[in-house]
Each structure stands twice: as structure tokens, then as C-alpha cells.
Amino acid sequence: MRKVKLFTIDALPYRQPIPVYGYRFGSRKKTLAVMGAIRGDEVQQMYVAARLVRKFSELEKQGAFAPDLGVLVVPCAGQFSMNVSKRFWPLDNTDINRMFPGYSEGETTQRLADRIFRALQGYRWGVHLASFYLPGDFVPHVRIMDTGYQPNEEGLDFGLPYLMIRKPHPYDTTTLNYNWQVWETRTFSIYSRTTDYIDEESAEMAADSVLYFLAKKGMLPYKLPEGVRRFLSEKGLLGSELPEGSRTKTVKEENLVNIHNKAGGILIRYHHPADFVREGNLLAEIIDPYTTDVREKIRAPKDGTLFFAHHGQLIAGRSIVFRLIPKERVGK
Amino acid sequence: MIETVIKAPLPVGEALAIQKNRIAGRDAATRRLAIVTGTHGDELEGQYVAWQLARVLEEKKDALRGTVDIYPALNPLGISTIYRGLPGFDLDMNRIFPGSRNETMYEYIANGIIRDIKGADLCIDIHASNIFLREIPQVRINEKTAKQLVPLAKLLNMDFIWVHSAATVLESTLAYSLNMLDTKTLVVEMGVGMRITQSYGDQLITGILSVMAHLGMLAEPGPAVKQPVVSTDGSVSFLNAGASGFFMPQVKHGDYVKKGQLVGLIADSLDGGTKETLCSPVDGLVFTLREYPVVNEGSLIARILGGIGTNKKKTAVPETEQADEKKSASSVKGGSTAKRKAGLAAKRGGAKR
Ligand SMILES: [Zn+2]
């Protein structure tokens with residue numbers, strides 16, 4: 001393991017300069033880069049990256065690296081926001097992950113995006129441990145921006161429960177994921193369950209999925225990670241007759257069913273991401289914040305697995321309470 | 001008449017409602033002008049225009065033909081909380097148009113706004129920079145729509161028309177979405193965040209009356225308007241801070257400066273030193289000047305409109321309203337990877353990278 005200073009953020013008056021470190025493993029080849037936290041509330045993302053640093057360090061010591069495997073892990077580039085409990089850049093509230101590919105002579109967050117992007121360029125594969133623009137809890141999954149620049153099936157090699165294919169919206173074109181792809185790195189975003197607090201189990205699963213990916217490529221000893229195995233078997237997704245990892249379900253984001261509420265109030269959730277639900281099942285209730293009277297019952301519109309759930313006790317009307325992966329009909 | 005455009009319930013005993021002031025003259029259904037503002041909660045210049053225009057039109061009611069809809073607050077929660085964005089939501093409101101009825105609450109609201117404005121003969125979307133930068137009164141036009149919009153923009157009595165380059169990310173603005181629906185929309189940018197500059201507001205109201213006369217919405221001659229400077233991206237120079245500290249301007253907003261002239265200093269208040277002296281790269285008009293003293297490395301200090309052919313062409317998207325995309329510009333789609341990268345690289349500063 002080699003700890004290298006990638007660049008220093010020295011952008012705010014009366015704040016001390018902050019070095020941004022990368023941890024390099026294996027050969028000098030640029031095989032895989034992993035980006036952890038970019039936003040200031042991405043504690044889980046930083047933690048997953050930190051777990052990876054530890055795992056890679058052990059694997060490297062054991063001699064498990066293939067000769068041409070070179071890895072970079074950047075646990076955090078969002079310290080200036082993290083240390084003051086802000087999600088975005090503290091002065092102007094801009095989001096570094098909406099500034100890629102960056103610009104070295106531009107505004108502050110463009111410059112930071114540029115420095116991050118320079119450090120991450122030239123890798124064969126890139127993994128961004130990302131958080132979503134809606135506050136909520138997810139089923140752990142790998143997400144690919146469907147740009148046509150890379151084969152989407154490669155996402156199956158992470159062995160995570162779901163591979164989500166997203167068609168880019170205009171606002172996606174300034175993210176790390178999108179631009180990394182344009183610069184010829186095959187890019188994956190990995191989402192674990194949480195953002196601003198640590199969920200050990202899904203953190204472990206996310207970190208293991210990166211090792212699993214490299215193992216599938218023949219660059220690490222091949223082994224289905226324990227966290228993934230446990231999750232799959234709990235969900236009944238692990239058919240013993242099938243090769244490991246082949247039960248990852250591919251889902252197109254546009255096929256997700258958004259489940260909305262009409263009323264505002266307190267949200268009481270009865271189901272959680274990864275739950276399989278039947279049409280008509282009671283998923284949640286919106287209760288009156290003054291009397292606890294039930295204002296609205298949220299029911300499953302069809303059979304399927306919950307993929308995303310609104311996070312937070314208060315909810316406005318017309319929000320997305322859940323997103324559901326509809327069960328495929330037999331014979332389809 | 002005050003009307004509710006679209007509404008959604010908030011969690012605890014309140015609704016988020018977008019309202020408009022509908023002022024109808026004779027033949028109300030024949031023509032419609034939409035004046036919108038308040039997308040960014042820290043921009044208040046449009047509040048004066050909304051207020052004063054309603055009074056002026058009330059006085060001119062006999063001459064009014066058609067309908068004027070004034071939408072003073074597209075983001076009421078932002079305005080009431082002194083917050084630029086949408087409270088509790090990551091994306092800038094001007095990145096979620098045309099919205100959707102099947103996504104989040106804010107996208108539902110955005111979609112309701114678009115449906116309501118759609119079909120107007122003209123929409124004027126008033127912005128006020130942000131709290132960091134002060135702008136002269138100007139119209140900003142995406143190069144894709146310049147041909148149809150520049151002639152209308154010239155009627156608005158603004159000082160400057162900035163035709164900026166296109167970027168995919170800008171396809172989710174209110175103006176772009178409406179223009180794609182064949183509802184002509186002009187973006188006005190003037191003044192500074194969290195303040196009201198009444199003289200700029202009066203200047204724009206003169207322009208609005210002039211454009212109304214042009215559209216046949218005033219049964220009287222329109223007022224005379226000034227001729228704006230029309231820019232291509234090629235003549236705009238940027239001055240960014242190279243160090244963090246406190247900006248001490250040495251010129252006034254709207255001044256003409258000479259190449260090499262001192263525009264301002266970055267002060268270090270801890271040791272009494274000067275971290276940087278910032279000089280103008282060209283002869284020209286300081287049409288944007290930093291207002292908020294705290295600067296980071298990279299903070300925009302000034303934009304200077306240089307004379308024709310005096311400096312190298314530089315493509316850019318204006319920072320204040322398009323703060324998160326300039327130069328990234330993934331408008332380059334298809335073609336080979338090398339071409340795409342070249343296109344992107346060119347937009348981010350070309351050979352320097
Ligand atoms: Zn604005």
C-alpha cells in the first residue's frame with residue numbers, strides 16, 4: 001500500500017489546507033479506481049472506501065493481487081463540507097458532483113472537480129460510491145448510466161442483488177459517472193443502503209462487491225463474498241445449482257413503479273427496501289400530525305420488490321414513498 | 001385576479017401553492033404574456049418588477065389587449081427561507097423542468113408551472129444573479145434559440161444581450177423547456193441576490209411595455225428603448241480569484257476598464273497582506289462584478305466584455321444561472337470517443353488541459 005497525496009484543498013479563508021489522499025495497491029497499472037465521498041454527508045460512502053483500503057491492504061500482503069492489477073482508492077474529497085455538516089460546498093452550496101469534468105480555471109467547485117477527475121483518469125474501470133439526489137434508503141445495487149459507451153452487462157460482475165440501468169437526464173451529464181465514461185473508463189456507481197449514517201451490513205456488501213468484481217476478472221482469488229451470499233440467501237435469490245453471481249437482477253430504471261402519496265403528514269412505513277410485497281399489501285400510512293388519524297393508506301399497486309423508500313418521518317404530498325421493481329410475469 | 005396555478009400539501013398543516021396575478025384587458029383570450037420570477041429563492045429583483053408592473057398595467061387597463069400573467073414566486077419555500085434552491089431537495093429548481101406528474105413533489109410543481117405558461121405569446125423569466133455577483137441588466141439567450149429570440153430581446157430595454165453556448169445540462173431549465181414547446185421565453189438577469197435595485201426594475205418595465213406594444217397588447221405606442229450591446233461568447237473575459245481571502249474592488253460595476261488596470265485585491269486579514277492583485281485581461285466593460293467579499297480560490301471576480309477581435313475566443317456558459325455546467329457541456333453526443341473528448345476538452349479550456 002502506498003498513501004499518496006493527490007492534491008490539497010486550500011480554498012477557504014481561515015480554514016486549514018486539507019490534503020486529499022489516495023491509497024494505491026498492486027502494480028502501477030491503472031486497473032481500477034474507487035471514489036468514496038464527494039459530498040459532505042457521504043459518511044457511508046467514505047466508510048465503504050475505508051473498508052476497501054483495509055481489505056486491499058490485507059489482500060496485497062497475502063499476495064492475492066494478479067501481477068497487472070493496480071488499484072487506487074480515494075476515501076474522501078469532501079472534508080471541507082463534512083467537517084461543518086454540509087452536503088455541498090460550504091460557501092456557495094454548489095455540488096462538486098454536478099461539476100464534472102471540471103475546469104482548472106473556473107469556479108472553486110469546478111476546480112475541485114478538475115483535480116479529482118485528473119487523479120481518476122486513465123483507469124480501465126471506475127467505481128463511484130455514490131449517494132442519490134432523493135433522501136431515501138435503497139436496496140444495495142450497482143447502477144450504470146446507459147450512455148452506450150460501455151457494455152451494461154459488466155455490472156453483473158459485482159454480484160450485487162440488482163443492476164440498475166439508468167437513462168441519463170440532462171442533469172446527469174455533469175456527474176463523475178457520466179464524464180468518467182466519456183473519458184473511456186468503464187464506470188459503475190455502487191449504492192449501499194444509507195448515506196449520512198453507517199450501515200455495517202450493506203457497507204460490507206458494497207466493499208465486497210468490488211473485490212468480487214476483480215475476482216470475476218481473474219485479478220483476485222475468486223470467492224463469493226460472505227455479505228453478498230448472506231443477502232442473496234435471505235432473499236431466496238441464491239439457487240445452489242446456479243453459478244455464483246448469476247442471480248443479479250437487471251432492472252431498467254424506467255420500469256420501476258413510483259408509489260406516490262396524495263396527503264402530507266407523518267409517514268409510518270410498514271415495509272422496507274428489499275421486501276417482496278403483493279398487490280394490495282399495506283406498505284405505509286400517512287397519519288395526521290396533530291391527531292394520528294390515518295389520512296392515507298399506501299398500498300402496493302402490484303406484486304414486486306421494494307427498491308427505494310422515502311427516508312424521513314415527515315412527508316409532503318405528491319412525494320415518492322416507494323419505488324417498486326415489478327415482478328416479471330411468467331412466460332415473459 | 002389572484003389564481004392558484006398548482007398546489008401540493010406540505011407535511012404539517014400547510015400547502016405549497018404557486019400563485020399568479022392575472023391582469024386581463026380587452027380581448028383577454030387573444031394574447032398572453034407571462035412574467036415569471038422567483039425560481040431561485042435568493043433572487044429578489046423580480047419582486048419589484050412584479051409589484052410595479054401590476055400597478056402600471058392597472059393604470060393602463062384601457063389600453064391593455066389580451067392577458068398578462070405575473071408569477072412572482074416559482075419557489076415560494078426558497079424565497080421565504082432565504083434559500084436559493086428547493087428546501088429539502090438536491091437539484092436546483094432550474095434543472096428539473098419540464099417536470100413530471102410521476103416523480104417528486106417539486107417535479108409535479110414544475111410540471112404544473114410549465115402547463116400553465118405553455119401557449120403564451122411570450123414568457124419573460126426574471127433572475128437576479130446570486131448573492132455573490134452583481135450584473136448589469138441583460139438578456140441571456142442559448143445559442144440554439146438566438147435566431148428567434150435576439151430580435152425580441154432587443155425590445156426589452158436592457159444594456160446587454162449575452163448569447164451563450166449550449167450545454168445538455170441546460171436542457172432542463174424553464175426557458176429551454178418552454179422554448180422547446182414553442183413558447184418563446186427570454187431570460188433576464190440583473191442586479192444582485194438578496195437586494196432590490198429599483199432603477200433596474202423600472203428599466204425592465206419600460207422594456208416590457210415596449211415588447212407588449214410590439215405584440216399588439218398595448219393600444220398605444222410603446223416607449224422608446226435603448227440599444228443593447230449584443231455579445232457573442234467570443235468577447236467575454238473571465239477574472240477568477242487565484243487565492244482565498246476578502247475581495248476589495250478597485251473599480252465600480254459598469255465601469256469601462258483598460259487592459260492591465262487593477263480590478264481589485266484579495267486581502268489577507270490575518271497578516272495584513274495582499275494575497276493577489278487582479279487586473280483586467282482586456283479593454284472593456286465590467287458587466288459582472290463580485291459583490292460578496294469572501295472569496296475562495298476560483299471564485300468569479302468579474303466578467304469583462306471586450307471589444308470585437310481584441311482577444312482569443314473562449315466558449316463559456318454564464319456562471320450565475322448556470323453555475324454547475326459551463327465548459328462541461330456534454331452537448332457533444334455521438335461520434336467517436338476521441339471526438340467527444342476533444343469537444344468536451346475544448347469547452348473546458350482547450351489546450352491548457
Ligand atoms: Zn436565478
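Residues count from 1 along each chain as written, and chains are lettered from A in the order written. Local features need pLDDT of at least 70 in this predicted model, while totals for chains use all residues.

**Exercise 1. How many helices and strands are there in chain A?**

Step one is the rule: helices (H or I, at least four residues) and strands (E, at least two) are DSSP runs. Step two is the count, which gives six helices and 18 strands.

**Exercise 2. What share of the residues in chain A is buried?**

Begin with the cut-off: buried means under 20% relative accessible area, with a 1.4 Å probe and protein chains only. Buried residues then make up 61% of the 332 residues.

**Exercise 3. Which domains does the assignment give for chain A, and how many of their residues are in contact?**

First, take the bounds, which come from an automatic or database domain assignment: domain 1 covers 2-252 and domain 2 covers 256-329. Next, their centres, taken over C-alpha atoms, lie 29 Å apart. Finally, look for contacts (heavy atoms within 4.5 Å): 17 residues of domain 1 touch 15 residues of domain 2 in this way.

Notes:
This is a predicted model: local features need pLDDT of at least 70, side-chain atom pairs count only at pLDDT 80 or more; totals for chains, interfaces and linings use all residues. Side-chain values use heavy atoms; hydrogens and water are left out. Buried means under 20% relative accessible area, exposed over 50%, partly exposed in between (1.4 Å probe, protein chains only).
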